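Here's a quick briefing on side-chain contacts in a protein model. Take a look at the picture first, then work through the points by topic.

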Amino acid sequence: MSCRIVITGIGLVTPLGCDVETVWKKLLAGESGVGKTTLFDASNFPTKISAEVKNFNMSLIGENPADWEKQDRHTQFALVAGFKAMTDAGLWDAEKKDKKFDYDSEMFGIYMGAGEGPQDFEYFTEMVLAGLGGDANGTFDMGKFVAKGVEILDPICELEQEPNMPSAHLAAMFKAFGPNVNCLTACAASGQSVGEAAQLIKNGEADVMLAGGTHSMIHPFGVTGFNLLTALSTNNEDPQGASKPFDKERDGFVLGEGAAIVILESLEHAQKRGAKIYAELAGYGATSDAFRITDIHPEGRGAIGCMSKALEDAGLTISDIDYINAHGTSTSVNDRVETLAIKTLFGERAYKIPVSSTKSVTGHLVAAAGASELIYCILAIRDGVVPPTINYKTPDPDCDLDYVPNKPRKTQVNIALSNSFGFGGQNVTLAVKRFEP
């Protein structure tokens with residue numbers, strides 16, 4: 001990146017908590033955020049566990065929760081994470097709820113990787129029953145289905161299901177009049193949002209970008225879809241041990257939810273206002289497998305490509321990397337192929353690089369995963385400690401790298417890569433490094 005991009009604020013809402021330092025402490029301690037699903041009755045589903053955000057409402061940022069009842073869970077997550085990132089960056093006054101630093105609103109933008117909101121499952125069921133006339137064996141009447149929908153659906157709630165709504169609310173809350181974009185490339189979404197937000201600054205379209213992701217798919221339709229894909233763990237008897245990336249006994253990922261936001265600025269803008277700088281976003285790589293919708297290419301061509309592009313963009317070599325936060329979903333195919341991709345690109349050096357999956361602790365935050373894992377890389381650089389891959393017990397011959405098993409490791413991290421690979425074949429790697437003036 002010709003224009004240096006720095007990270008000046010971070011915010012998290014995760015199954016481990018809604019405060020960055022609390023989340024980081026629990027992550028290093030290996031305190032799993034997974035438990036029995038409570039957001040809906042999952043007792044008849046193959047998967048009955050998930051990683052839910054707990055003890056959450058908008059009062060965390062001084063808002064009246066009643067004022068936000070029609071906004072979806074993922075929108076509220078984004079606003080809390082965004083508020084915390086903006087205050088952390090010194091751009092927003094938490095008490096006055098106004099600008100703390102007089103940034104140019106025309107040059108302040110939003111780029112989110114946000115998922116769709118949860119569907120009105122109960123209302124949809126009522127509509128289907130109306131269409132059937134109360135008889136499950138009857139002929140379906142579309143007119144009655146629609147009429148019931150008009151009667152019971154709330155237009156605001158329906159609007160709030162659109163993926164662009166979190167970014168719209170963030171722009172309104174923080175007076176961001178610049179570019180406002182949302183992408184939904186599955187598990188790669190928030191990694192892509194951060195990378196492309198940096199490009200907007202680099203291209204002179206913004207001085208500051210709020211970027212990240214938010215998602216909640218812990219609802220009947222979301223879990224049904226992933227169960228049909230056989231992607232979720234069914235280890236219901238041991239929720240906290242269910243997410244076990246790179247372990248031979250892994251049987252799928254654990255669905256999580258949350259939001260992660262970073263504040264990106266040009267180095268010039270950050271220095272001019274005397275901002276604290278966490279790290280420098282040094283490189284961004286994006287590729288497509290162009291293979292299958294749910295399977296990563298068996299030779300890891302997309303994963304190799306995006307890591308290579310991130311290194312090239314940052315002007316780095318394979319010998320510069322101190323840590324890789326893996327996509328590491330705990331599915332059989334992903335973990336094996338991601339391992340292969342790392343070994344193909346890094347050669348013998350692959351065995352000397354700590355590679356961990358924080359999804360073992362947090363579950364998979366889907367569209368919010370990439371930005372949250374970028375933040376963990378930033379904190380690893382700050383504190384000189386690499387988070388562990390928990391639940392690692394049985395080595396897999398196909399997964400033979402250093403996965404930092406079960407305990408954090410003190411080690412100097414100057415440069416880290418964060419990988420995100422989405423269903424559909426979208427791949428993103430972000431390279432972040434210690435800031436040097």
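At 0% relative accessibility, E257 counts as buried, where buried means under 20% relative accessible area, exposed means over 50%, and partly exposed is in between (1.4 Å probe, protein chains only). Keep in mind that this is a predicted model, where local features need pLDDT of at least 70, side-chain atom pairs count only at pLDDT 80 or more, and totals for chains, interfaces and linings use all residues. Residues are numbered from 1 along each chain as its sequence is written, and side-chain values use heavy atoms, with hydrogens and water left out.

**Salt bridges**

- E257 has a salt-bridge partner, R73, and their closest N and O atoms are 2.9 Å apart; a salt bridge here is a side-chain nitrogen of Lys or Arg within 4 Å of a carboxyl oxygen of Asp or Glu.
- Since E257 lies in strand β9 and R73 in helix α2 (residues 73–88), the pair ties together parts that are 184 residues apart in sequence. Helices (H or I, at least four residues) and strands (E, at least two) are DSSP runs, numbered from the N terminus.
- R73 is partly exposed, at 25% relative accessible area.
- E373 forms a salt bridge with K359, with 2.9 Å between the closest N and O atoms. E373 sits in helix α13 (residues 369–383) and K359 in helix α12 (residues 359–362), so this pair ties together parts 14 residues apart in sequence.
- Both ends are tucked away: E373 is buried at 2% relative accessible area, and K359 is buried at 1%.
- Salt bridges that share partners join E21, R382 and D383 into one network.
- How many salt bridges does a search of the whole structure find? The search turns up 16 salt bridges.
- One of them joins E280 to R4, with the closest N and O atoms 2.8 Å apart. This pair links distant parts of the chain, 276 residues apart: E280 is in strand β10 (residues 279–288), and R4 is in the segment before β1 (5–13).
- E280 is buried at 7% relative accessible area, while R4 is partly exposed at 28%.

**Aromatic rings**

- There are eleven aromatic pairs. Rings of Phe, Tyr and Trp (its six-membered ring) pair if their centres lie within 6.5 Å; planes under 30 degrees apart count as stacked, over 60 as edge-to-face and the rest as tilted.
- W92 and F174 make an edge-to-face pair, 5.0 Å centre to centre with 90° between the planes. W92 is in strand β4 (residues 92–93) and F174 in helix α6 (residues 165–174), so the pair ties together parts 82 residues apart in sequence.
- W92 is buried at 3% relative accessible area, and F174 is buried at 0%.
- F246 and Y403 are stacked, 4.1 Å centre to centre with 10° between the planes.
- F246 counts as buried at 1% relative accessibility, and Y403 is buried at 2%.
- Ring pairs also link F124, F140, F145 and F221 into a cluster.

**Cysteines**

- The disulfide count is zero, a disulfide being a pair of cysteine sulfur atoms within 2.5 Å.
- C377 is in no disulfide either, as the nearest cysteine sulfur, in C306, is 13 Å away.
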